[in-house]
Amino acid sequence: MDQLVAIRAFGRVVETGNFTRAADSLEMPNATLSKLVRELEAHLGVRLLQRTTRRVTVTPEGREYYEKTARLLRDLEEIDTCFSAVQGKPRGLLRIDVGGSSARDLLIPALPDFVARYPDIRIDLGVSDRTVDLISDNVDCVIRGGPLDNSTLIARAIGTATLLTCATPDYLKTFGTPAYPDELKNGHRLVSYLSPQTGRAFPFRFARDGEKTEIKVDHRIGVNESNGHLAAGLAGLGIIQTFSYSAEAALNAGQLVEILREWRPAPYLFHVVYPQNRHVTHRLRVFIDWLAESFPPRVSGGWQ
């Protein structure tokens, strides 16, 4: 048994909550991972995990062993990172998660610069508007906008986006251009952005001279992915609220028209987020620094 490999395998089972996800994240067969954990338990002479057909739970001994070995693995990774940093060559795999429109309009167009600077870093990019669990999904960092409600995460601001209210010229010709937010309640068709977690529609938000208001009405169309949400607006299905960086090209081309400009809501802060209990590797550190350098002008967009 390679004890270090077995410790890593056991740790991933604890973090992900099941053998299949742990095996996938480590890119090894499920049977191999199960064998490693069994051999580790035999080596220690204690039961680390309780297995049933439906779930895996960590025993008290397993929890204690995990906490101690997790510190050991972080120390080992820090040693490796220090030597990589001295050589000036961050390397290895970086797992990043980002929302759909942010990937399309912000991160992916900028990535050639990062790849050119750090050719030894490999990137696995998860693109989804759903909120991932950084620990169980084995993600190094996520890029997200809006308020943060998880105190176990560390966040670094990487720019401020503007939220716009838009519709197509044909839609406005048919239904009229509202002058006040309350007019959206009277005969207008709204395309709502739905929470990927709950399925609930986010309200349309507005602010002017310190006055804030939210419009909550039954939407005609709801979409739970940011690229699809923009596409629904471009198709003339109704009024949308979206970020300026996402709508900029369509606004410049005249495909969308901004409405209720003087009622734009408060700026929307974007962060790169990573777990506080995980050592920041050299490759993650340079990526975070690169985001802080290159993203603010991209997030703010050119549409003013």
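Visitor: Is Thr 69 buried or exposed, and how do you know?
Guide: Thr 69 has 8% relative accessibility, so it counts as buried. Buried means under 20% relative accessible area, exposed over 50% and partly exposed in between (1.4 Å probe, protein chains only). Thr 69 sits in helix H4, residues 60-87; helices (H or I, at least four residues) and strands (E, at least two) are DSSP runs, numbered from the N terminus.

Visitor: How far can I trust all this?
Guide: This is a predicted model, where local features need pLDDT of at least 70, side-chain atom pairs count only at pLDDT 80 or more, and totals for chains, interfaces and linings use all residues. Residues are numbered from 1 along each chain as its sequence is written, and side-chain values use heavy atoms, leaving out hydrogens and water. The chain averages a pLDDT (the predictor's confidence in each residue, from 0 to 100) of 88, and 93% of the residues score at least 70. Confidence is lowest in H4, at a mean of 77, and highest in strand S13 (residues 257-259), at 97.

Visitor: Why is Val 217 called partly exposed?
Guide: Its relative accessibility is 29%, so Val 217 counts as partly exposed. Val 217 lies in the loop between strands S10 (211-215) and S11 (221-223). Leaving aside neighbours within four places in sequence, Val 217 is in contact (heavy atoms within 4.5 Å) with Lys 185 and Leu 190.

Visitor: What makes H5 roughly perpendicular to H7?
Guide: The axes of helix H5 (residues 100-117) and helix H7 (residues 226-234) come within 6 Å and cross at roughly 85°, and that makes H5 roughly perpendicular to H7. Angles under 35 degrees count as roughly parallel, over 145 as roughly antiparallel, 65 to 115 as roughly perpendicular and the rest as oblique. Axes are lines fitted to C-alpha atoms, for helices over the stretch in contact, with angles from 0 to 180 degrees between N-to-C directions. Gly 100, Ser 101 and Arg 104 in H5 meet Ser 226, Asn 227 and Leu 230 in H7.

Visitor: And why is H2 called roughly perpendicular to H3?
Guide: The axes of H2 (residues 19-26) and H3 (residues 30-44) cross at roughly 105° and come within 9 Å, which makes H2 roughly perpendicular to H3. Among the H2 residues that meet H3 are Phe 19 and Leu 26.

Visitor: What makes Tyr 193 and Phe 202 a stacked pair?
Guide: Rings of Phe, Tyr and Trp (its six-membered ring) pair if their centres lie within 6.5 Å; planes under 30 degrees apart count as stacked, over 60 as edge-to-face and the rest as tilted. By this rule the count comes to 13 aromatic pairs. Tyr 193 and Phe 202 are 5.7 Å centre to centre with 25° between the planes, a stacked pair. Phe 202 has a relative accessible area of 36%, so Phe 202 is partly exposed.
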